[in-house]
Structures are given as C-alpha cells and as structure tokens.
Amino acid sequence: MGDLLDFLKFLKYRKRYWLWPLALLLIIFGTLLVAAQSSALAPFIYSLF
Amino acid sequence: MYVLGLSGYYHDSAACLIKDGAILAAAQEERFTRIKNDAAFPQKSIEYCLAYAGIRLSDVDHIVFYEKPFLKFERLLETFLSSAPYGIRPFLKAMPIWLKEKLYFKKMLVNALRRIDQEWRPGEGQLLFCKHHQSHAASAFYASPFSSAVILTVDGVGEWETTSVSIGAGHHIQPDCYIAFPHSLGLLYSAFTYHLGFKVNCDEYKVMGLAPYGKPVYLDIIFDELVDMKSDGSFQLNMKYFNYTTGLTMTSKHFDVLINAARRHPDEPISQKHMDIAASIQTAAEQIMLKITTALYAKHRIENLCLAGGVALNCVVNSKILKLSGFKNIWVQPAAGDAGGALGAALAVYHQYLDNKRLNTSQDRMQNSLLGPECTTNQVLQALNASGLAYEKYEKRQLYSTIASEIAGGKVVGYFNGRMEFGPRALGARSILADARNPEMQSLLNQKIKFRESFRPFAPAVLEEFADDYFDLGVKSPYMLMVGDVRSDKRIADQQQGETNVPSIKRARSVIPAVTHVDYSARLQTVNATDHPDFYQLIRTFFELTGCPMLINTSFNRMDEPIVCTPQDALDCFLGTGIDILVISEFLVRKSAI
C-alpha cells in the first residue's frame, strides 16, 4: 500500500490532480485483481461481480 | 565510495559499479542469460560487478535505478486520458503489469536486491532513482574527455522526454530544453523499422545498413506529412500516421497509404522500394539531427558535443554532425542505449547528487569500454578440456603471427581476449576477425558464420595511424561510432559506378572490399597502442605481414544472439558456425583438427 500512496503523493507533488480519479480507480481494481489471484478473499471478490 | 547503477525492466538490463568516481565494472544481463536484449532484473550483472570489486551489496553506498517509474506511469495515464476512448487496447495490456508489478517497483527492486545479499537493507537515501534522460546525459558527459559540453540525448522515450539538451560544465549538468512524448525521433525511426518488417527497439541498425542501397525518394513526404520541423531544431510528429499511443502497432493505416505500401512481412524478400524507404528515413534522421545540432551550436557556441540515447548509435548521423553542425569535437557514449543508463545513473549520483568533482576532465573514462567479465586461464582450460577439442598454446607474439598468417590465408578467426565490451559493439575482445582485402569475405561471413541478411556490411578495425590513409574521417573512432568514406585513391574504378543493389556489394569497389559499403562508406574502429595494446599488436602483426593495417571486426555471435561472454559460449559459437579458428586468450583451436 505504501507504494500506491507514494504514487498519489507523487501526483500531488506534480500537481496532476486530474489523474487522481483515474489513479484511485486503477488502484482499487488493481488491489482487487491482486487479492483475487492470491488470497482466500477470491470467492468474496468474485461474488461482487 | 561505491555506487551501483542499474537499468532494466524495459529492454537491455545492465549494471555498473563505480568506486570514488572511477568506473570499475559494467555488464549487460543478456551476455550472461544468453537472451538478446534481456530486460529482466540484472542479477547476474550485479553479481559480476560485486565480484569484480570483491565486495558485497551491503558495502555499496548508493544504488540507483536509471529511470523514474512513477513518472513513466504518469505518462501512461495522461496519454490514455488524452486519447480516450481510443488507446484502450494498449492501456488494458499495460495496466495489469503496472498494477501487479511496476507500481510496487521500489519493493520489487528491494526484494530482488535482497536475493543477492540477504543482509542488505536500504538505508535512508541509499536507493535512488534518476531520470532516464538524465542518466543518458550523465553517461555521455561524465565519461567524456570534455570539461564543458552541450549534451544531446535522443531515443524512443524515457519518462516523458524523447530528446533532451543539457549543458555540462565541470561536474554539473544543467538541463536546457527537451521534446516530449509522443514526438520522438527514435520512435519515428522505429516506426519505419516496423514498417520494413524488422524488430522495433532492436533492428534499427539494419535499416541504417540497408539505407545506402536505396534512394531517399520519400524524403519530401516525410517532411511534408510526418514531421513538422522548426528552425530551432524542435519538431512535432503528425500522430495521424502513428499508432504507438493508441494501438499495439507503430504505424497506422494512414501511414501505409502515405507510403503506398503495406508493412513488409519479416519473411518477405527486401525490394528496391524497401531500400528506398530505408534511405528516406535515414536521410530524414540525418537532417533532423543536423538541424538540432546546428541550432544548438548557434545557441550555445560551445565546441564540444556529447551524445547518448539509442539514436546516438546511428554512426552515419554522428559523422554528419561532426562534419556539418559546427561542433568541433564530438564524443558518443559507446553504450548509448539503455544499458548505458546504468552507468550514467551511477555517475549522476556520484557527481550531481553527492556533488563530487570529476578527477580528470581531459580523458575518456570508458577504458575502451572493456568493462565486462574476463576469465582465468583455469576457466579457459576447463572449457577446452571439457570440449575434448585439440588446442595449441602460444606465447603472445607467436600467437599474433599465427593468427595474422591464418587470416591472410583466408581463414576466419573467433577472437576472445580479456575483459568483454560494455555496449553493443565488439571492439576486439569478443570479435570475429577476417581479411578486409578478400572480396568474398562479406558474403562468406554473412551467410556461413553470422547467418544474417546478405545486405549487411562489415566494419574494419584499423590502426589509428593509418586510418587517414584509407578513410576520409579525420578523428579517432575507438568505439565504432563514426563512418568514414574510403579515400578515392583506395577505390577501384567501377564500370557500374552508382549501382547500389544488393548483389553489387559483392563487387570489389576498393582495395578493402569486405569493409566498403555500396556508397563507399565504412563504420570504422580506430585502434591505438595505448588504449588497446593487445588488439593493436594483433593488427600490427597482420600489417607487417600483408601491408594492410586493418581487419574485419564483427561481433562474436550468430544472428539474434548476444555476443559470447564465456569460453563455453565461444566454443558453442565456433562449433555451430563456419569459423575456422578459435582463439581464447593464449589458446588456439583449429576447426580442421576436429
């Protein structure tokens, strides 16, 4: 999670505020994607879709 | 103080170790893994660098990666937003890799480094990231023999920059201006490379080699439609014709219509039209680079120019700049591509981040680019004995005279000696050598030894003091990054002068036909006794025997393979090709004895 927060801080530092919504969306989906592939959370995530 | 520079995860991974500003070791991962342009984490290269210095990773003061992944990701997101909804396919292809791996780059890098040394923990400010073009600029300036220079870096793309200009003075590099993605000379050249059926980011040099066979008939189209060139050297591409921001190909269908030809299939024979396309983009690249450098010279009035980035490997462009731009001296980083970024990042940390002065600003610091691994006599003997091949051992002088007389007799020699080269060129440490006077040698080497396209020319390694007798160049070219025309008195009167089709390369057009391209140019390496004593002595011995002060020097590998690294690699290449004689250090193996 530290790296993702770092990326959001980086966008703030670069004043690329218009990228925040897209970055957040990608991060949420990315986290789900990684969790779905590698943990016991998978069945619960699948049921969301 | 040790600084370790790393490049990788895109293409051509490498590592470089410097100690108190001196370059100790540098190597490309492909040489160890045997995967051409290997982009993986450069573990073996790092292990080699550490072993060379006799240290562990925990002894290294700073580790620096050659680009900034967050900036790259920012470019990806912005490019997607600016072209949405087009570009969804490359976006969907790139995102999983970024979301699963590259966004966690720092963690990934730390984990990979800890596999090398489990005791290593990154302290505050110990793991650093340098911008891509800053790495290139540092590799060009800090390694150069100049105390002040204009630094020009040109490649496909780094984070945002595709072309950057900085001013180097002492141990400072001050950014001046840049051109941002998607407007890129490197990607323009790659788009044509793609259209010609070659591999992008890999085969651009084949387009350069093909260009002299054609005529630049598409040059007007390139400047009328594809490139909007400004008087200050900046340019914009007309993105209607390119697909690399929104698709999975380099060019769009409009490009095919404009050129009036579909993309060449890699197996399709090369036609005159393909040669004309190659000639057109090569001429355009020369004109664009000339415009940039002429404008830079007029603006800064500094006599020295340093070049790096993939485009700086285009030796025809480099020679045009030297002759016509106004700059008096040019120095090109021999590892100008991304591998050299590892070296540049390390030097940038030492001089820019840590504010250390350069020890000597009048000497080239690349040590002839012989920065890679070497092997001990025991390792050579082990490989030779395991192969079961008969070998002969020679004292140095005797070895050189044996090699020289075999080459003069028409034999092809695989030559493996000392530390291997860092960068794409073989410079006499891992080289295939042959007689430049033999008119059959160009075809023989291409077809029976390198197994590569018949149009490809070969380069000469020439004794520095004789270079001007044979070539119109006027400067040293120790890294094979300049071309010179064969002097008129060395040319042979040609009945079909001006003919430049592929079969015409077999016709002797000079006294050194095997290294004379169809346009009489040669990409030469000048060799002197101080910088490269062993290789110099070998060529000198050949000169004393034959009166010819040069040899064909081509990389010791087969097509699409990395240059050989170990004695075993050399033996494999020797046995799998038509090479007649293999020399590893002081040992000689003859194919005829098998």
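Predicted model: local features only at pLDDT ≥ 70, side-chain atom pairs only at ≥ 80, totals over all residues.
In chain B, five strands form an open sheet of mixed pairing, arranged in the order β3-β2-β1-β4-β5. The pairing of β2 (residues 14-19) with β3(B) is antiparallel and extends over six bridges; B:I18 is placed opposite B:I23 of β3(B). Helix α13 (residues 339-353) of chain B packs on this sheet, where it touches β1 (2-7), β2, β3, β4 (62-65) and β5. The direction of α13 makes about 145° with that of β1(B).

Helix α7 (residues 185-195) of chain B is mostly covered, with eleven of its eleven residues buried. Among these are the residues B:L187, B:Y189, B:F192 and B:H195. Just after α7(B), a positive phi of about 85° is found at B:G197.

Helices α9 (residues 219-226) and α11 (residues 272-300) of chain B pack with their axes 8 Å apart and at an angle of about 60°. The two helices, α9(B) and α11(B), are therefore oblique to each other, and their crossing is right-handed. On the side of α9(B), the contact is made by B:L219, B:I222 and B:F223, while α11(B) contributes B:S280, B:I281, B:T283 and B:A284. Five residues of this contact between α9(B) and α11(B) are nonpolar and two are polar, with no charged residues.

How values were computed
Residues numbered from 1 in each chain as written. Chains lettered and ligands numbered in written order. Axes fitted to C-alpha atoms, helices over the stretch in contact; angles between N-to-C directions. Helix = DSSP H or I, 4+ residues; strand = E, 2+ residues; numbered from the N terminus. Parallel < 35°, antiparallel > 145°, perpendicular 65-115°, else oblique. Left-handed = near helix turned anticlockwise from the far one by under 90°. Contact = placed C-beta atoms within 7 Å. Nonpolar A, V, L, I, M, F, W, Y, C, P; charged D, E, K, R; others polar. Buried ≥ 20, exposed ≤ 12 C-beta atoms within 10 Å, placed from the backbone. Pairing = 2+ DSSP bridges.
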